Amino acid sequence: VIAKATGYIGVGSTSPILPISINGNGSYAGHQYNLALASIGTAGPGILFTGNTGYDGNNWQLVSLGSGNSAAGEAGGFAIIDRTNAVSRLVFDSGGDAGFGTTSPYAKLSVTNTGSGPSFIVEDSTSPDSTPFVIDSAGLVGIGTTTPYAKLSVVGSAVFGGSNGSSISLNNGASTDAYFYFDSALHFAKN
């Protein structure tokens, strides 16, 4: 039904309150829906969000991936695509793995950094935080620092422990060639 006074379209409604109003529900596989999208070809259905010409903002698409849009990720997955820059920003594969910066996530959460900023950061309510947990673009991990300088950089105190005792060793990369170490009884030794 089209409401002539407003030009709004109503599906299941004779008095639509928005440009497109959908009332009612349907069900599929035990779930209820108000709107279902299907594709005719091999590309999965999607929704495109686009703004008015001349205004800032990107065009975005939510898409259920079919074999015809494999550039966005694998068939059976789901993607949020930045159509303005032609890049998938977030992809869920058919197994539920999520990928940022990749169309082929290889773990439950995959982050691929193609830039120079941090790949992953955890901060408190102060942003930018001067003492976060960060993984930078080179794969260096920082705890208590935004600029890690080694594989693991800890600024501040660290506690190591375990139910069966713990040891800390400083070495040149060979686990049997420790320069300094503390054993589980807190004995300090030097090779």
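Student: How many helices and how many strands does the protein have?

Tutor: There are 0 helices and 17 strands. Helices (H or I, at least four residues) and strands (E, at least two) are DSSP runs, numbered from the N terminus. The model is predicted, with local features requiring pLDDT of at least 70 and side-chain atom pairs pLDDT 80 or more, while totals for chains, interfaces and linings use all residues. Residue numbers start from 1 along each chain as its sequence is written, and side-chain values use heavy atoms, without hydrogens and water.

Student: What makes β7 and β8 a pair?

Tutor: Two strands pair if DSSP finds at least two bridges between them. Strand β7 (residues 78-82) and β8 have 5 bridges in the antiparallel sense, so they meet that rule. Phe78 stands opposite Phe92 in β8, and Ala79 has Val91 as its bridge partner there. The two strands form a hairpin with 4 residues between them, and Ala86 in the turn has a positive phi of about 55 degrees.

Student: What joins β8 to β9?

Tutor: These strands run antiparallel and share 3 bridges, against the required at least two, so they pair as well. The bridge partner of Leu90 in β9 is Phe100. This hairpin has 5 residues between its strands, with a positive phi of about 95 degrees at Gly96 in the turn.

Student: Which strands make up the open sheet of 6 strands, and in what order?

Tutor: The order is β5-β6-β7-β8-β9-β10, with mixed pairing. β5 (46-49) and β10 are the edge strands, each pairing on one side only. Neighbouring strands of this sheet are turned by 15 degrees against each other on average, direction ignored. The axes behind that value are lines fitted to C-alpha atoms (for helices over the stretch in contact), and angles run from 0 to 180 degrees between N-to-C directions.

Student: Why is Ile80 called partly exposed?

Tutor: Buried means under 20% relative accessible area and exposed over 50%, with partly exposed in between (1.4 Å probe, protein chains only). Ile80 has 26% relative accessibility, so it counts as partly exposed. Ile80 belongs to strand β7.

Student: Which residues does Ile80 touch?

Tutor: Leaving out residues up to four places away in sequence, Ile80 touches Trp60, Gln61, Leu62, Ser88, Arg89 and Leu90. Contact means heavy atoms within 4.5 Å.

Student: Is Asp97 buried or exposed, and why?

Tutor: Its relative accessibility is 15%, which is under 20%, so Asp97 counts as buried. Asp97 lies in the loop between β8 (87-92) and β9 (98-100). Of the 191 residues of the protein, 20% count as buried.

Student: What makes the pair Asp97 and Lys108 a polar contact?

Tutor: A polar contact is a pair of N or O atoms within 3.5 Å; within protein, one must be able to donate a hydrogen and the other to accept it, and residues adjacent in sequence count only if both atoms are side-chain atoms. The side chains of Asp97 and Lys108 make such a contact at 3.3 Å, so the distance is within the limit. Asp97 also touches residues including Val91, Phe92 and Tyr106.

Student: Why do β11 and β14 count as edges of their sheet?

Tutor: The sheet is open, has 4 strands in the order β11-β12-β13-β14, and its pairing is mixed. β11 (120-122) and β14 (152-154) each have a single partner strand, so one side of each has no neighbour in the sheet. The twist averages 10 degrees from one strand to the next. β11 pairs with strand β12 (residues 133-135) in the antiparallel sense over 3 bridges, where Phe120 stands opposite Ile135.

Student: Where is Thr146, and why is Thr146 called partly exposed?

Tutor: Thr146 is in the loop between β13 (141-143) and β14.

Student: Which residues lie nearest the centre of the largest pocket?

Tutor: They are Phe100, Gly101, Thr112, Asn113 and Thr114, out of 14 lining residues. On a 1 Å grid over the protein atoms alone, a pocket is an open set of points where a 1.4 Å probe fits, with protein on both sides within 12 Å along at least five of seven lines, and lining residues have an atom within 4 Å of a point. The largest share of the lining, 3 residues, comes from β8.
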